[in-house]
Amino acid sequence: MKPISRAWQWQKAQMADGGQYAPHIAMRGLGVMLLIDVAIPVGVYYAARAAGATQTIALLLATIASAIRNIQVIVKQREVDGFAAFMFVLLTAGLVASFWTGDARFMLLKGAIGGGLAGLAFTGSALIRRPLTYHVAKRIAGHDQHSRADLQRGWDESLAFRRGMYLMTFAWGFGLIFDAIVSVVIILTMSIDASVLATTVLKVATFALLGVWNAWFVEYSRKLARRDGHSAEHVTTAARVPEFGSTNNRCGVAPLTPGA
């Protein structure tokens with residue numbers, strides 16, 4: 001148990017180091033964003049079906065609603081970040097494919113595959129300068145320029161902060177890929193209306209699980225940062241990032257992976 005305990009203490013030290021940045025970004029913003037992004041297309045689909053629309057037309061309207069929602073976010077924040085750009089391209093491609101085929105099952109599969117591509121994009125973004133979770137954090141910060149600047153400072157100064165971003169990115173990436181694989185199986189084995197309901201329940205459950213874990217990770221990191229008296233303005237990079245196994249910190253281990 002000692003290696004596990006030591007690894008957990010090391011992880012906690014890193015979370016404490018990364019948790020000092022952008023402490024005023026409310027994590028409820030993540031839940032609101034996910035709820036809206038899921039509720040709008042699903043609500044449009046069932047409203048259209050209740051109004052007598054065919055499955056294909058209802059799915060098409062749901063896709064259009066998703067695209068409009070994404071454009072609205074871009075216009076409101078007056079910037080196209082990496083996450084928004086990816087979602088816009090994905091939704092546009094899906095919309096074109098929907099017009100081209102007109103097949104309801106294909107449109108559902110297109111949505112599931114798109115979710116899988118989103119998962120691959122999250123994991124792949126860990127290979128670039130800033131992963132998608134960093135852009136999502138900026139989106140949640142909205143027009144709070146202090147928090148957005150704090151995110152930038154954390155990225156520039158703290159290896160622990162960056163590693164925390166990567167950890168969250170991989171969690172969302174693998175979670176979305178799992179959701180996509182199970183959704184494809186559901187769509188290929190169930191009726192269209194049942195598939196819409198089942199894949200929606202799965203997506204809500206996946207997002208809820210990932211969202212709760214993400215919120216816990218960030219809030220616990222902030223709690224550890226407050227407990228250890230970390231301050232982004234007064235802690236130097238050298239003090240924050242000793243080598244693994246060093247005892248030059250309060251937890252007796254090196255800090256190197258946070259919560260944003």
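Asp179 forms a salt bridge with Lys203, with 3.2 Å between the closest N and O atoms. Asp179 sits in helix 8 and Lys203 in helix 9, so the pair ties together parts that are 24 residues apart in sequence. The model is predicted. Its protein chain has 10 helices and 0 strands.

**Salt bridges**

- A search of the whole structure finds 4 salt bridges. Side chains of opposite charge can pair when their charged atoms come close.
- Asp179 counts as buried because its relative accessibility is 2%, and buried means under 20%. Lys203 is partly exposed, at a relative accessible area of 27%.
- Asp193 forms a salt bridge with Arg49. The closest N and O atoms are 2.9 Å apart.
- The Asp193 pair links distant parts of the chain. Asp193 belongs to helix 9, Arg49 to helix 2 (residues 28-50), and 144 residues separate them.
- Asp193 is partly exposed, with a relative accessible area of 32%. Arg49 also counts as partly exposed, at 29% relative accessibility.
- Arg153 and Asp150 meet through their side chains in a salt bridge, at 2.2 Å from N to O.
- Both Arg153 and Asp150 lie in helix 7. They are 3 residues apart, about one turn of the helix.
- Asp150 counts as buried, at 4% relative accessibility. Arg153 counts as partly exposed, at 23%.

**Nonpolar cores**

- The largest nonpolar core has 16 residues. Those with the most contacts inside it are Ile25, Tyr134, Leu151, Trp155, Phe161, Met165 and Met168.
- Five helices each supply at least two residues of this core: helix 1 (2-18), helix 6 (132-141), helix 7 (145-157), helix 8 (159-189) and helix 9 (192-227).
- In soluble globular proteins, nonpolar side chains tend to be buried together.
- Ile25 touches Ala137, Ile140, Ala141, Ser147, Leu151 and Arg222, not counting residues up to four places away in sequence. Of these, Leu151 is also listed among the core residues with the most contacts.

**Helix 1**

- Helix 1 has 17 residues. At 1.5 Å a residue, they should span 24 Å. The expected span is 1.5 Å times one less than the number of residues.
- The end C-alpha atoms of helix 1 are 24 Å apart, which agrees with that span.
- Buried residues in helix 1 are Trp10, Gln11, Lys12, Ala13, Gln14, Met15, Ala16, Asp17 and Gly18.
- Helix 1 also supplies at least two residues of the core of 16 residues.

**Whole chain**

- Read along the sequence, the chain follows the pattern α-α-α-α-α-α-α-α-α-α.
- The chain has 260 residues, and 48% of them count as buried.
- Take the contacts between residues at least 6 apart in sequence. Of these, 78% join residues at least 24 apart.
- The chain exposes about 12700 Å². Carbon and sulfur atoms supply 70% of that area.

Note on methods:
Residues numbered from 1 in each chain as written. Predicted model: local features only at pLDDT ≥ 70, side-chain atom pairs only at ≥ 80, totals over all residues. Heavy atoms only, no water. Core = buried A, V, L, I, M, F, W, Y, C linked by side-chain atoms within 4.5 Å. Buried < 20%, exposed > 50% of the residue type's maximum accessible area, 1.4 Å probe, protein only. Helix = DSSP H or I, 4+ residues; strand = E, 2+ residues; numbered from the N terminus. Contact = heavy atoms within 4.5 Å. Areas by Shrake-Rupley, 256 points an atom, 1.4 Å probe, with all protein chains shown as cover.
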